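Here is a short briefing to read alongside the model. Please keep the viewer open as you go.

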Amino acid sequence: MPQPISAASASPQVRAVFDDIKATRKVDDVNNFWKYLANDPATLARTWASVKEIMAPGALDVLTKEMIYLAVSVTNGCGYCIASHGAAARKAGMSEAMFGELMAVVGMANETNRLANGYRVPIDKAFEEPSPK
């Protein structure tokens, strides 16, 4: 079973990623997710590069992105990601009222998705994407 890789025992390649995570997030240490991914330095580097790019502010602000990540994590049942991105969303400004509404939307979306799939509801013409010309 893999064990977490500490900065002290990390290879130079892993240490460089850890240092970038700490600098980018302005934290003293990387969280357990990154320490476990460090068992595969290529996966660590690739995943960090993707997360860093995708979760940066863009057309969507950081709070919105963190709340989407939290919603997907709830749906996927990832306790670690729920805790991590719940904390990040709160740090970015998510209130308890926002969290409650988010969970209501997640629950409703999961229920209606399953109902639509179970009934094999055909997509209405009004919802279909127009064909490319």
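This is a predicted model: local features need pLDDT of at least 70, side-chain atom pairs count only at pLDDT 80 or more; totals for chains, interfaces and linings use all residues.

Residues are numbered from 1 along each chain as its sequence is written, and side-chain values use heavy atoms, with hydrogens and water left out.

**Aromatic rings**
- The whole structure holds three aromatic pairs (Phe, Tyr or Trp rings, the six-membered one for Trp, with centres within 6.5 Å; planes under 30 degrees apart are stacked, over 60 edge-to-face, the rest tilted).
- Phe 33 and Trp 34 pair edge-to-face, with centres 4.9 Å apart and planes at 80°.
- Trp 34 and Trp 48 are also edge-to-face, because their planes stand at 85°, with 5.5 Å between centres.
- One aromatic cluster takes in Phe 33, Trp 34, Trp 48 and Tyr 80.
- Trp 34 is buried at 2% relative accessible area (buried is under 20%, exposed over 50%, partly exposed in between, with a 1.4 Å probe and protein chains only), and Trp 48 is buried at 5%.

**Lys 35**
- Lys 35 counts as buried, with 15% relative accessibility.
- Its side chain makes a 2.8 Å polar contact with that of Asp 29 (N or O atoms within 3.5 Å; within protein, one able to donate a hydrogen and the other to accept it, and sequence-adjacent residues counting only if both atoms are side-chain atoms).

**Cysteines**
- There are zero disulfides (cysteine sulfur atoms within 2.5 Å).
- Cys 78 is in none, its nearest cysteine sulfur being that of Cys 81, 3.1 Å away.
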